[in-house]
Amino acid sequence: MGKMKIKSINSKQLKSRCAAICVALLSLSMLSGCGESDMESLCLPRELSQAGVDRNTAEVEKGDLSPVYENIIELAGYEETSYKVEKEKADELENLYEAKLDKVHVSVGDRVKAGDTLISFKSESLSKELRQYENAKSEASLEKEHYEKLMQIDSSLDYRDEIAALEKDIELANTHIQDVNDAYDSINIIAEKDGVVKFINQSVQDGFLIVAAPMITVADDAGYYVMDFYGNGDEATSSDAKMVTTDVEFHVGDVCPAKTFMSEYQVEVIEDPTKYGTETDAVATGTDAVSDGKVYFKLVGDSAIKDNYLTVVVELPEIKGALYVDKKGVIFTDTQDYAYKQVDGEFIATKVTVGDNVGQYIIIKEGLEEGDVVSVSD
């Protein structure tokens, strides 16, 4: 038969999902009684077919399975900062500074540094002051330069006092210019931290100030993704630099696909970045990839923030000649697993031994054969 590409799931997790089913079946068994057979310890009733009643069934099949391991990885340290102008500041912009929105300096996807101007405003009053002090500085600088040239031409001339006074005028103008620039910084939207622009309000892009609503959003992160894993009791060691889950091993330096609904990426397994005291990208060196039950990844070829969550996809070795059935056809308990197998028009509780879960299927080791039909829960 053809190969099927299916998702790998921990079989132990299914037992908890089927707890309610087991309770219901055991309750029924108390009403039905038990026969004297190897099923006596089970005490589960026979499910008798009823005329005119459709029942869900699944056939036990045999073939090759191509399992795929999938797990979610989360962008570590993700934090969004939304910049907005509250009413009080909007009133100040209008009444004190006569300021209007001037320019959006970034685009969605741009990486910015703390201190970068995101959105600037143009103030008539501040612009007037700035021109005044810049003109004063320019005039004083030209006059100072004039005196210096006269002294170079005629060494007997002494304009040192005039030059000193002009230098004080230039220094004072610089102070006022800095004050105006500081005032502009106080009304402009300045990035508080490093990050990537995730959102810009369309009205702001069109030149309109939106009061009390997010104008621009910048997101920052730790530079890596984290996956929590739940293994099967195996211990990973620093000597082989691997971690073992139920289905897959990860090694530092491994590169594997990752995806969202809309996008596809490549991610690389890295060392635990937190071991270095800072949450930055770690470089794969071949050391242990496991730290406190987590695996760490970074995007390959792109350091910018992408999606908050990605699904890591790892194709596992093909399982040849597997005997399998829909996992909803198996009832799990702490001591023994069962299936209701169809025998001569009725469904009999039958002990089964199961293997790995592969997507919607579970591998059957004992208790059923190819072609058997089992009852499937809704």
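Two strands are said to pair if DSSP finds at least two bridges between them. Strands (E, at least two residues) and helices (H or I, at least four) are DSSP runs, numbered from the N terminus. The structure described here is a predicted model, in which local features need pLDDT of at least 70 and side-chain atom pairs count only at pLDDT 80 or more, while totals for chains, interfaces and linings use all residues. Residues are numbered from 1 along each chain as its sequence is written, and side-chain values use heavy atoms, with hydrogens and water left out.

Phe199 can be found opposite Thr217 of E11.

Another open sheet has three strands, ordered E6-E8-E9, and here too the pairing is antiparallel. Strand E6 (99-104) and strand E9 (189-190) form the edges, and because each has a single partner strand, one side of each is left without a neighbour in the sheet. Five bridges link E6 with strand E8 (residues 117-123), again antiparallel. For Lys103, the bridge partner in E8 is Ser120.

With strand E4 (residues 61-75), E19 pairs in the antiparallel sense over four bridges, and Glu61 lies opposite Tyr324 of E19. E19 is also joined by three bridges to strand E22 (residues 361-366), the two running antiparallel. In E22, Ile362 is the residue opposite Val325.

Charged side chains come next. Side chains of opposite charge can pair when their charged atoms come close. A salt bridge is counted where a side-chain nitrogen of Lys or Arg lies within 4 Å of a carboxyl oxygen of Asp or Glu, and the structure holds eleven of them.

Lys87 is exposed, at a relative accessible area of 55%, whereas Asp91 is partly exposed at 29%. Helix H4 holds another such pair: Lys149 and Glu145 are four residues apart and so are separated by about one helical turn. Their side chains meet in a salt bridge of 3.4 Å, N to O. Lys149 counts as partly exposed with 46% relative accessibility, and Glu145 is partly exposed with 37%.

Salt bridges also link Asp64, Glu318 and Lys320 in a network. Between Lys320 and Glu318, the closest N and O atoms are 2.8 Å apart. Lys320 counts as exposed, with 58% relative accessibility, and Glu318 is partly exposed, with 25% relative accessible area.

The surface has a negative patch as well, formed by Glu139, Glu143, Asp161, Glu162 and Asp169. Helix H4 (124-153) and helix H5 (160-187) are the elements that give two or more residues to this patch, and H5 supplies the largest share, three residues. Patches are made of residues with over 30% relative accessible area and no salt bridge; like charges are joined within 9 Å, and nonpolar side chains (Val, Leu, Ile, Met, Phe, Trp, Tyr) within 5 Å. Asp and Glu count as negative and Lys and Arg as positive, with His and the chain ends not counted.

From C-alpha to C-alpha, Glu124 and Lys100 are 8.7 Å apart in space, and 24 residues apart in sequence.

Definitions and conventions:
Areas by Shrake-Rupley, 256 points an atom, 1.4 Å probe, with all protein chains shown as cover. Charge placed at Lys NZ, Arg CZ, Asp CG, Glu CD. Buried < 20%, exposed > 50% of the residue type's maximum accessible area, 1.4 Å probe, protein only.
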